[in-house]
Amino acid sequence: MQQVKGVIARTKGAPVELVTINVPDPGLGEAVVRIQACGVCHTDLHYREGGIGDDYPYLLGHEAAGIVEAVGAEVHDLAPGDFVILNWRAVCGDCRACRRGRPWYCFATHNATQKMTLEDGTELSPALGIGAFIDKTLVAAGQCTKVDPSARPAAAGLLGCGVMAGLGAAINTGNVQRGDSVAVIGCGGVGSAAVAGARLANAARIIAVDIDDRKLSKALELGATHTVNSRERDAVEAIQALTGGFGADVVIDAVGRPETWKQAFYGRDLAGTVVLVGVPTPTMQLDLPLLDVFGRGGSLKSSWYGDCLPSRDFPMLIDLYRQGRLPLDAFVTEEIGIDDIEAAFDKMHGGDVLRSVVVF
């Protein structure tokens, strides 16, 4: 058992707190990881605000990279000293999705069995089964993906959630091909990563759509060929005008609202693909003529974690990063301390950052 400092959300909507946390020694199939960097993600804010559940107190943080410090029994492919990116899709290998060769859809992903606790013994709920706003965290060994240790931790850790979600929405779910036209609606961290993913897949035309010119400028840096400020122009008409009047082959909704999903639906070409990667709230409803769904054909998809398989995707993407072909550093707007997380949430609301990253 170790005592370390970590950041929790104690009650709904209350400011986060830096507290002392008990971290057990790793048990069967578990590992303790010393965190080097962890991104401040919208999901952490959703946990704080009660948008995901009410199993308080939550140990926040999940978009992280670090060094394995210790492993438990029956952990054979991980050792102390390994540099890893943490993931929340530790596949089981035995559910119906895994048995059918589709482990990225695993329905029974692993988390650590033991619980981290406050000093008084109160059990913590780690965000996405990780909890990485902490000096050291306890996870299932399968949540650790080894990558090249020369990668910058602040950049590499972003593959643990938001950047992987966007890249995967384009490459895995959207299956963007060489020469395709792609539109991305919403150019925050996830949407900008989708732009970078479309560029990586050699899309011919990449249209970034947002209401904030700052985000559109960043999208251009990451590979967009055209931008549309949808406060000033109708998004669907603009996408069609930039694609010969037809619409894009793949349209990615990185916002997750009924109005943006409809823009994606009507902004795609006939038989094109819509990818929803932005996360809706539970109360949102969609009203759409069924005949339009039938008449336009194509695919309507949701992308969960970019349909990634961490063991396959993380090492490959880190290699591309080291080769200079994937600009992960561009997503790190600022490096902050563990005491600055509440301020980072405020900056997130204002659209001032792609990612604030806590560096330990």
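I took a salt bridge to be a side-chain nitrogen of Lys or Arg within 4 Å of a carboxyl oxygen of Asp or Glu. The model I examined is predicted.

**Entry 1. Salt bridges**

I searched the whole structure with this criterion and found 14 salt bridges. I then looked up several of the pairs.

I began with arginine 10 and glutamate 17, whose side chains meet in a salt bridge with an N to O distance of 2.9 Å. I noted arginine 10 as partly exposed, its relative accessible area being 35%. Glutamate 17 is likewise recorded as partly exposed, at 28% relative accessibility.

I turned next to arginine 355, which forms a salt bridge with glutamate 63; the closest N and O atoms are 2.7 Å apart. I located arginine 355 in the loop between helix H11 (341-349) and strand E18 (356-359), and glutamate 63 in strand E5, so the pair ties together parts that are 292 residues apart in sequence. I checked burial for both partners: arginine 355 counts as buried at 7% relative accessibility, and glutamate 63 counts as buried at 1%.

I also looked up aspartate 329, which forms a salt bridge with arginine 152, the closest N and O atoms lying 2.8 Å apart. Aspartate 329 sits in the loop between H10 and strand E17 (334-336), while arginine 152 sits in the loop between strand E10 (144-146) and helix H3 (153-156), so this pair ties together parts that are 177 residues apart in sequence. I noted aspartate 329 as partly exposed, with a relative accessible area of 34%, and arginine 152 as partly exposed, with 29%. Finally, I recorded that salt bridges with shared partners join Arg48, Glu49 and Glu342 into one network.

**Entry 2. Aspartate 269**

I asked which side chain of opposite charge is nearest to aspartate 269.

I placed aspartate 269 in strand E15 (residues 268-276). Leaving aside residues up to four places away in sequence, I listed its contacts as Phe246, Gly247, Ala248, Asp249 and Arg296.

I examined helix H4 (residues 162-173) for burial and found 10 of its 12 residues buried, so the helix is largely enclosed by the rest of the structure. I listed the buried residues as Gly162, Val163, Met164, Ala165, Gly166, Leu167, Gly168, Ala169, Ala170 and Thr173.

The strands are E5 (63-71), E14 (248-253), E15 and E16 (299-302), and the helices are H5 (189-200) and H10 (310-322). Strand E15 is also where I had placed aspartate 269, and strand E5 holds glutamate 63.

After H4 comes asparagine 175, for which I noted a positive phi, near 50 degrees.

**Entry 3. The H4 and H5 crossing**

I looked up the geometry of H4 and H5: their axes come within 7 Å and cross at roughly 45 degrees. That makes H4 oblique to H5. I recorded the crossing as right-handed. On the H4 side, I listed Gly162, Val163, Ala165, Gly166, Leu167, Ala170 and Ile171 as making the contact. On the H5 side, I listed Val190, Ala193, Ala194, Ala196, Gly197, Ala198 and Leu200.

Definitions and conventions. Residues are numbered from 1 along each chain as its sequence is written. This is a predicted model: local features need pLDDT of at least 70, side-chain atom pairs count only at pLDDT 80 or more; totals for chains, interfaces and linings use all residues. Side-chain values use heavy atoms; hydrogens and water are left out. Helices (H or I, at least four residues) and strands (E, at least two) are DSSP runs, numbered from the N terminus. Buried means under 20% relative accessible area, exposed over 50%, partly exposed in between (1.4 Å probe, protein chains only). Lys and Arg count as positive and Asp and Glu as negative; His and the chain ends are not counted. Contact means heavy atoms within 4.5 Å. Axes are lines fitted to C-alpha atoms, for helices over the stretch in contact, and angles run from 0 to 180 degrees between N-to-C directions. Angles under 35 degrees count as roughly parallel, over 145 as roughly antiparallel, 65 to 115 as roughly perpendicular and the rest as oblique. A crossing is left-handed if the near helix is turned anticlockwise from the far one by less than a right angle, and right-handed if clockwise.
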